[in-house]
Amino acid sequence: QSSYNLTLTGGNISISNNISFITPEELGIVNIPIGHVTGGRAVSGSFTCYLTRDTSTFDSNKSRDLFEDLRSLTTVVTNSFALVFSIGGGNGNRLEVNCATAHLEIPTHSIEDVISLETNFMALPQTIDDTDEIVLTYKV
C-alpha cells in the first residue's frame, strides 16, 4: 500500500446535503415550501499540485508517482484511497480533512509556466450504512 506526500497549490472541497424542499403547488397563490427532505450527502472536490519527482530518494512517492500509478490501474474496477488534507501545514495549528475512502480520477495535466496536475475525487462512506465520508479535525 503506497502513501503519497504532495504539496498542494490549490483545490476545493464541496459538501452537499442534497436538500429538497417540499412545496405544494396551488393555483393563484405564491407557493411556499412547507418542509424539506435531506438526501444523501455528497463530498467531492479536486486538488492541484506541481508535477514533481524527488530524485534524492528512490521511493519518494511524489505527484509523478501518483499519476503513473493511477494511469496503470487497468484491471481495478474501484480505486480506493485514504485522503488527508492538512490545511495550514503538517505541524502546528491546522485543519485536517480526512476522507477515509475516496475514489480518485486519473489526474489531468496543465502545461503553462509550470507543469501541474489536477486530480478530482469523490469521498465515499466505508460501508453503505456509514456516514463517514469526511471528518474535519481542528489541530491546535
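These are my notebook entries on one predicted model.

**Ground rules.** I worked with a predicted model, in which local features need pLDDT of at least 70 and side-chain atom pairs count only at pLDDT 80 or more, while totals for chains, interfaces and linings use all residues. I numbered residues from 1 along each chain as its sequence is written, and side-chain values use heavy atoms, with hydrogens and water left out.

**Whole chain.** I looked up the secondary structure and found one helix and nine strands. Helices (H or I, at least four residues) and strands (E, at least two) are DSSP runs, numbered from the N terminus. Along the sequence, I read the pattern β-β-β-β-α-β-β-β-β-β. The radius of gyration is 20 Å, well over the 14 Å that the globule rule gives for 140 residues, so the chain is more spread out than a compact globule. This radius is taken over C-alpha atoms, and the rule is 2.2 Å times the number of residues to the power 0.38. Along the principal axes, the C-alpha atoms fill a box of roughly 70 × 40 × 35 Å.

**Surface.** I noted an accessible surface of about 9,900 Å² for the chain, with 52% of it belonging to carbon and sulfur atoms. The areas come from the Shrake-Rupley method with a 1.4 Å probe; for residues, only the protein chains shown count as cover. Buried residues make up 22% of the 140 residues. Buried means under 20% relative accessible area, exposed over 50%, and partly exposed in between (1.4 Å probe, protein chains only).

**Asn-18.** I found Asn-18 in the loop between S1 and strand S2 (19–22). Its phi is near 50 degrees, a positive value in a residue other than glycine. Most residues other than glycine have a negative phi. Asn-18 counts as partly exposed, at 39% relative accessibility.

**Helix H1.** Which residues of H1 are buried? I listed Ser-63, Asp-65, Leu-66, Phe-67 and Leu-70. The buried residues of H1 pack against strands S4 (42–50), S5 (81–87), S6 (94–104) and S8 (115–124). Ser-63 belongs to this helix, which covers residues 63–71, and has a relative accessible area of 1%. The Ser-63 side chain reaches the backbone oxygen of Tyr-50 at 2.6 Å, which I logged as a polar contact (a pair of N or O atoms within 3.5 Å; within protein, one must be able to donate a hydrogen and the other to accept it, and residues adjacent in sequence count only if both atoms are side-chain atoms). Apart from neighbours within four places in sequence, Ser-63 is in contact (heavy atoms within 4.5 Å) with residues including Leu-6, Cys-49 and Leu-117.

I checked Thr-101 in strand S6 and Thr-119 in strand S8. Thr-101 counts as buried at 17% relative accessibility, and Thr-119 counts as buried at 1%. With neighbours within four places set aside, the contacts of Thr-101 include Ser-80, Phe-81 and Met-122. How far apart are the C-alpha atoms of Thr-119 and Val-30? I read 44 Å, for residues 89 apart along the chain.
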